[in-house]
Amino acid sequence: MGNWFQTLVDIEATADEAAVLGKSLIDWLLHTGVIAGEPSNDCVLGGDGYRPGERYATALADPSEDWFLGPGVNGVRATTESNVFHAGQLGVHVECPRCQNEVDFEDAIVPGIDDWLFDGGTGIRPCPGCGTRFTLNGWNWQPPWAFGYLGLEFWNWPLLSKQFIASVGERLGHRLVVVEGKV
């Protein structure tokens with residue numbers, strides 16, 4: 001069956017800003033009642049997270065959905081280190097936003113990912129079709145991928161509302177990419 005996630009990725013936060021911004025998001029979600037309690041490692045995969053709070057429905061596209069409440073993986077956490085946020089499943093198509101050429105992921109993109117993630121580089125890569133250079137977040141990804149230092153993960157929650165996602169982006173003052181997937 002697996003676990004489903006929605007991650008709101010701040011693609012503009014720097015490595016130096018990520019921890020402070022992540023803490024401010026968690027504090028805001030606690031204050032507004034979207035999440036509650038003390039962090040625990042039994043409600044998210046890969047770390048500590050927070051269970052849904054009394055006002056969790058204010059974050060949902062359909063506030064009547066409550067099937068995810070109760071014990072199990074249904075928490076929220078902020079990740080604050082360099083990360084490749086992706087759908088968790090095989091198959092990705094990458095397209096140049098300028099010439100709409102589909103690029104070979106392994107040849108054209110993976111070297112940029114390695115440069116950014118492991119070597120501290122920019123990850124900028126040229127399009128093999130038109131030669132225009134793009135950051136990793138500059139390509140058109142299907143399904144969406146994002147590269148950054150701050151992600152707000154929602155594990156097994158119903159769809160988040162567009163208004164809630166926009167309010168997270170406004171709070172950060174940065175552009176967000178929503179990455180959804182299943183593991």
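Predicted model: local features only at pLDDT ≥ 70, side-chain atom pairs only at ≥ 80, totals over all residues.

Biologist: How many aromatic pairs does the structure hold?

Modeller: The structure holds 15 aromatic pairs. One of them is formed by phenylalanine 5 and tryptophan 155, with 5.4 Å from centre to centre and 50° between the planes, and this pair is tilted.

Biologist: Where do phenylalanine 5 and tryptophan 155 lie?

Modeller: Phenylalanine 5 is in strand S1 and tryptophan 155 is in strand S12, so their pairing ties together parts that are 150 residues apart in sequence. Both phenylalanine 5 and tryptophan 155 are buried.

Biologist: Back to tryptophan 67 and phenylalanine 68, what kind of pair are they?

Modeller: They are an edge-to-face pair, because their planes stand at 70°, with the ring centres 5.9 Å apart. Ring pairs also link tryptophan 67 and phenylalanine 68 into a cluster with Trp28, Tyr56, Phe154, Trp157 and Phe164.

Biologist: New topic, pockets. What volume does the largest pocket have?

Modeller: The largest pocket has a volume of about 160 Å³. Its lining includes Phe5 and Trp155, the two rings of the tilted pair, and among the other lining residues are Asn83, Val84, Phe85, Glu153 and Val179.

Biologist: Which strand gives the most to that lining?

Modeller: S5 gives the most, with three residues, while strands S1 (4–10), S5 (83–85) and S12 (150–155) each supply at least two residues of the lining.

Biologist: How does the lining split by class?

Modeller: By class, the lining of the largest pocket has six nonpolar residues, four polar ones and one charged residue.

Biologist: One more spot: where does asparagine 156 lie?

Modeller: Asparagine 156 lies in the loop between S12 and helix H3, which spans 162–172. With a relative accessible area of 15%, asparagine 156 is buried.

Biologist: What does its side chain make a polar contact with?

Modeller: The side chain of asparagine 156 makes a polar contact with the side chain of asparagine 3, at 2.8 Å. Leaving aside neighbours within four places in sequence, asparagine 156 is in contact with Asn3, Trp4, Trp67, Phe68 and Val73, and that list includes both rings of the edge-to-face pair.

Key. Residues numbered from 1 in each chain as written. Heavy atoms only, no water. 1 Å grid on protein atoms, 1.4 Å probe; cavity = no way out; pocket = protein on both sides within 12 Å on 5 of 7 lines; lining within 4 Å. Points joined across faces, edges and corners; volume = space filled by probe spheres on them. Helix = DSSP H or I, 4+ residues; strand = E, 2+ residues; numbered from the N terminus. Nonpolar A, V, L, I, M, F, W, Y, C, P; charged D, E, K, R; others polar. Phe/Tyr/Trp six-rings, centres within 6.5 Å; stacked < 30°, edge-to-face > 60°. Buried < 20%, exposed > 50% of the residue type's maximum accessible area, 1.4 Å probe, protein only. Polar contact = N/O pair within 3.5 Å; in protein donor to acceptor, adjacent residues only side chain to side chain. Contact = heavy atoms within 4.5 Å.
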